[in-house]
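Here is a short briefing on one protein chain. Look over the sequence and the fold, then read on.

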Amino acid sequence: MEGLIIQSVKLEDSRNVLVILDQSVLPETEKYLDLITVEDVWEAIYELKVRGAPAIGIAAAYGVYLAVKQENETDRDAFTKAFAKAKNYLASSRPTAVNLFWALERMEKRLHEAFADGLSVPEVKQQLKKEADKIRNEDEEVCKTIGEHALTLLKPGMGILTHCNAGTIATAKYGTALAPLYLGHQQDYQFKVFTDETRPLLQGARLTAWELQKAGIDVTLICDNMASIVMKENKIEAVLVGCDRVAANGDTANKIGTSSVAIMAKHYGIPFYVCAPISTIDLACETGENIEIEQRSLEEVTEKWYSERMAPKDVKVYNPAFDVTDHSLITAIVTEKGIAYPGYQESLHELFHK
Ligand code: MRU
């Protein structure tokens, strides 16, 4: 499938660069950027040039490796200090997707293990590269498995609604919520997919519509405020979304607008499925109340997409980038280890430790 060949994050170690697909200029421009410094990686994450929880984690893992690869320090303590500085800096790029912190913690753990095994600084650098590669490669496998599990919940010909972009470009490959659509497409399932445009940054219109269309999947774009009518017209039989963090009780943070879709799905009796790797489940977060919601610049709402302003100057704006869908609205949470059903406190805990 052509659409799945796109690699949104790729290390070119011989050139000392991380190459990313610039998701901020799609679909008009398909452009790849060379990220050289840790500041480049921070900015790319903050500016949503690389975005989607798993892809952010992968970029951060390579980012911290690139940062210390250039380090001349041969002393272990100084090298560890330089690593911690780069790690903390990258961790400040975006607050909501737990995969960012998960990947950075995993890199740090590898660093300490490697030093504990008596490896030298150059050897530790190699171990860090291997760990980042592993995070990337595992994500591809994980997403494929999520897709296989989620496909068991769907039937050929179904109308599916999705919000934001949880597709191949938001991950190493396949996506989370879009993975079953790609796998079903290979088996001629003929899904009819609807994507919300996803204001303010239009991930649904610019990215989901783009990648599904590229893959030859039947996709229809709707404005966010049209979700209710397509549900009422019986065009939607399941909702599939990705997520940025799942709390221990099943409350789920995802792109702003997701919780309204879940509320509508409940009203119309449509199953609402969240697809997420285990790395997105944060058992340390008791409920959605504990999830930090990113606030973004006001200009994203007032003037991002047109040369003229879309709102009066100096109007007050509120721009939370995510919302939390209450666990009571979620039919199931699909992970690579299986499907968790309500009673999430227990079912997620069980999957997490499987
Ligand atoms: O602000 P974004 O575009 O990074 O938000 C992304 C989402 O909300 C996705 O649904 C989520 O990260 C899952 S990606 C597999």
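Is the crossing of α2 and α3 left-handed or right-handed? The crossing is right-handed. This is a predicted model. The protein has eleven helices and 14 strands.

**Overall build**
- With 354 residues, a compact globule would have a radius of gyration near 20 Å, and the protein agrees because its own value is 20 Å.
- The C-alpha trace spans about 65 × 50 × 40 Å along the principal axes.
- Of the 354 residues, 47% count as buried.
- Take the contacts between residues at least 6 apart in sequence: 75% of them join residues at least 24 apart.

**The α2/α3 pair**
- Helix α2 covers residues 53-69, and helix α3 covers residues 76-91.
- They pack at an angle of about 145°, and their axes are 9 Å apart.
- From α2, the contact uses A60, G63, V64, A67 and V68.
- These meet F79, A82, F83, A86, K87 and L90 in α3.
- The residues of this contact divide into nine nonpolar, one polar and one charged.

**The seven-stranded sheet**
- An open sheet of seven strands runs in the order β6-β5-β4-β7-β10-β13-β14, with mixed pairing.
- Its edge strands are β6 (219-222) and β14 (338-340), and each pairs on one side only.
- The twist averages 25° from one strand to the next.
- Strands β10 (residues 272-275) and β13 (residues 332-335) pair in the parallel sense over three bridges.
- V274 has I333 in β13 as its bridge partner.
- Helix α5 (residues 121-151) packs on the sheet and touches β7 (238-241), β10, β13 and β14.
- The direction of α5 makes about 140° with that of β13.

Note on methods. Residues numbered from 1 in each chain as written. Predicted model: local features only at pLDDT ≥ 70, side-chain atom pairs only at ≥ 80, totals over all residues. Axes fitted to C-alpha atoms, helices over the stretch in contact; angles between N-to-C directions. Helix = DSSP H or I, 4+ residues; strand = E, 2+ residues; numbered from the N terminus. Left-handed = near helix turned anticlockwise from the far one by under 90°. Contact = placed C-beta atoms within 7 Å. Nonpolar A, V, L, I, M, F, W, Y, C, P; charged D, E, K, R; others polar. Rg over C-alpha atoms; globule rule 2.2 N^0.38 Å. Buried ≥ 20, exposed ≤ 12 C-beta atoms within 10 Å, placed from the backbone. Pairing = 2+ DSSP bridges.
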